[in-house]
Amino acid sequence: MKITCIGSGVFSLALAKSLSKKKENQIVIWTHDKEVSQMALNENKLLFDGKKVYKPQNILVTSSLSEALQNTSSIFLLVSSLYVKEIVLKLKKDYKVNIPIFIGSKGLLSEKPYYFTHFVKKALNAKKIAFFAGPNLAKDLFNDAEVFITVATKNKSAFSYFQSIVPRKIHLEEMKEEKVLELASVLKNIYAIGAGMAYAKSPYRSTVFSYLTEAYKEYNQILYETLNYSGEVIYTGTLGDFFLTGSSFTSRNFSYGRLLVKTKKEAKLFSHCYTVEGKNNLEILPMMIKKMNRFPLLYQIWQENRLVK
């Protein structure tokens, strides 16, 4: 069964390696970087977190999008949020409408319809769409840890397909509300920046978890007001991911938050060197959330980020 992973970042590589545990899966990773694909071909190695690691035999890496999509049974979209629109439009040439698409990119479009699931459905006329998230570090997934993933989809067959391709150490839970999980995934990255800011002012773990508890209340209120969602947001991809990301002291979002307090110049340099998904989406939120100053923690992060010139 051919499975296409679009993107060669650490999470894409980790997921590909995990899926390769099922020997019937044939994984193709698409990358825009020809050096990465050549390394896989010539050295049988993947570049994971700056280190060369062994590439399983049932993983192929290519810089040809047509080759990656040919006869595939599914697509996992795993690129930075900044490139989702560009990549999806490139998929149109080779995409077939019944191929399920699983979106793991965390972010928003800078214009309506904002949500990736909505955009992908419309742009590709896709019938089987799912958005997934979970409290999973790429290095843990890469090292075959027991992990839990929330899959949000209104298409039952898409969820069933996902279940059929994962190894036994990946546990899936089903959720219907795609946009809720998408917005939750955006907000958890932004509040992770806030947690870094809180830690920079008071460097104690108790400070971070106290901050996150208050932030989680605000996060739920935003989900309710923005999407009219009044259900319990107690999923591994919401509650679990929120607290894992917000307390990961070495994450890019948390690190960026610490630098926002320390020096805006270093924060700017950091964001130019690394992808900080929370920062990338901060400027979009005011278009979606009316009177953002009603949410003081979110508003504070937004104001501090605006000072980065």
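I am working on a predicted model, in which local features need pLDDT of at least 70 and side-chain atom pairs count only at pLDDT 80 or more, while totals for chains, interfaces and linings use all residues. Residues are numbered from 1 along each chain as its sequence is written, and side-chain values use heavy atoms, with hydrogens and water left out.

**Entry: second largest pocket.** I looked up the lining and found Ser-81, Leu-82, Val-84, Lys-85, Leu-108, Leu-109, Ser-110, Glu-111, Asn-280, Asn-281, Glu-283 and Ile-284. Helices α4 (84–91) and α13 (277–282) each supply at least two of the lining residues, helices being DSSP runs of H or I with at least four residues and strands runs of E with at least two, numbered from the N terminus.

**Entry: Thr-150.** I located Thr-150 in strand β9 (residues 147–152), and I noted that it counts as buried because its relative accessibility is 0%, where buried means under 20% relative accessible area with a 1.4 Å probe and protein chains only. Its side chain makes polar contacts with the side chains of Glu-173, at 2.6 Å, and Thr-236, at 3.0 Å; such a contact is a pair of N or O atoms within 3.5 Å, one able to donate a hydrogen and the other to accept it, and residues adjacent in sequence count only if both atoms are side-chain atoms. Beyond four places in sequence, Thr-150 also touches residues including Phe-131, Met-175, Leu-181 and Tyr-235, contact meaning heavy atoms within 4.5 Å.

**Entry: nonpolar cores.** I define a nonpolar core as a set of buried Ala, Val, Leu, Ile, Met, Phe, Trp, Tyr and Cys residues joined through side-chain atoms within 4.5 Å. The largest has 76 residues, and Ile-6, Ile-101, Tyr-191, Tyr-211, Tyr-219, Leu-285 and Leu-298 have the most contacts inside it. Helix α8 (residues 178–201) gives the most to this core, with 13 residues. Another core, of 35 residues, lies apart from it, with Ile-3, Ile-29, Leu-46 and Val-151 among its members.

**Entry: Phe-48.** I found Phe-48 in strand β3 (residues 45–48), and it counts as buried because its relative accessibility is 9%. Its C-alpha atom is separated by 9.1 Å from that of Phe-142, 94 residues apart along the chain. Among the residues that Phe-48 touches, leaving out those up to four places away in sequence, I listed Val-10, Leu-13, Val-53 and Phe-142.

Definitions and conventions: 1 Å grid on protein atoms, 1.4 Å probe; cavity = no way out; pocket = protein on both sides within 12 Å on 5 of 7 lines; lining within 4 Å. Buried < 20%, exposed > 50% of the residue type's maximum accessible area, 1.4 Å probe, protein only.
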